[in-house]
Amino acid sequence: KTINYPNQDYPKHCKYTFARPQVFIPIILGTNGEYDMERAFRASGAEVASLVFKNRTPQEITDSIDEMAKLIKNSQILAFPGGISSIDETGGAGKFISAVFAHPALTQAVNELLERDGLIIGIGSGFQALLKLGLLPFGRISKAKFNSPTLTTNNINRHISTIAKVRVCSVNSPWLAGVKVGDVFGTPISTAEGRFIADLQDLQTMEKNGQIFSQFVDSQGNPSGDVPYNPTGSIWAIEGILSSDGKILGKLGHIERCQDGYKNIDLAMDMKIFASGVKYFK
């Protein structure tokens, strides 16, 4: 199913401006992509703060939650990096992150961030965390239902690492100000649980609202359900989605890893997502 959503009904600039907007990156059990994400945001002109969530004692947990809430309140962007839990259970790293952010203090801090025109992004397992929190596709932290959109085990039932081709099918977000509908990019995929699934009603709602922003495509640029073009087996070839207001973006492909020097890859790799998110606050 080819999706095209040319409308661009989203806030183009934050109502507040910052010379160097601050990004907060929480580091929770399973996180391992924070350094790449920090580098990508700093290269785009942002300040970056990160915090390791400590959970050895109840007091450490309380202190970590308090400090994270303060950092979110002082930031303009909340960014969830990728990672994999040590036991590699289904949804492991995403479940840890969502369990922490279900705490009332962090839920309130996230809601306030969105109310003041802040942005949120999640990559890989960070995308899974946004789904489990309900931030995607629903735009607010909410309890997940049994049939809520999620990421699950790849169709091939094992980890896959490759460069996949994706097509932009909606630009209804500040994060996508640097691309246009129809653009095709390469994106690094490294996951054992990257198959996006959702029920038909949610899929139709997301399509109607322009929330499906990228699809896996074949060599002709057509959405595909076949390996190797759709390496995980995602329904409707979905690779990334948005909240309805465009302020929250989740993406399977590890764009934070993209740097100069890819060999034998004849594809544009930079979707300018980090740069566009930072520019939103300029």
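A polar contact is a pair of N or O atoms within 3.5 Å; within protein, one must be able to donate a hydrogen and the other to accept it, and residues adjacent in sequence count only if both atoms are side-chain atoms. The model is predicted: local features need pLDDT of at least 70, side-chain atom pairs count only at pLDDT 80 or more, and totals for chains, interfaces and linings use all residues. Numbering starts from 1 along each chain as its sequence is written, and side-chain values use heavy atoms, without hydrogens and water.

View 1. K247 sits in the loop between β10 (238–242) and β11 (248–251); strands (E, at least two residues) and helices (H or I, at least four) are DSSP runs, numbered from the N terminus. K247 is buried, at 10% relative accessible area. Buried means under 20%, exposed over 50%, partly exposed in between (1.4 Å probe, protein chains only). A polar atom of the K247 side chain lies 3.4 Å from the backbone oxygen of L114. Beyond four places in sequence, the contacts of K247 (heavy atoms within 4.5 Å) include P11, D117, W175 and Y280.

View 2. In helix α7 (residues 200–209), the buried residues are D202, L203 and M206. They share one side of the helix, because their arc is only 100° around the axis, taken from the directions from the helix axis to the C-beta atoms. L200, Q201 and K208 are exposed on the other side. Cover for the buried residues includes α6 (135–138), β8 (195–197), β9 (212–216) and β10.
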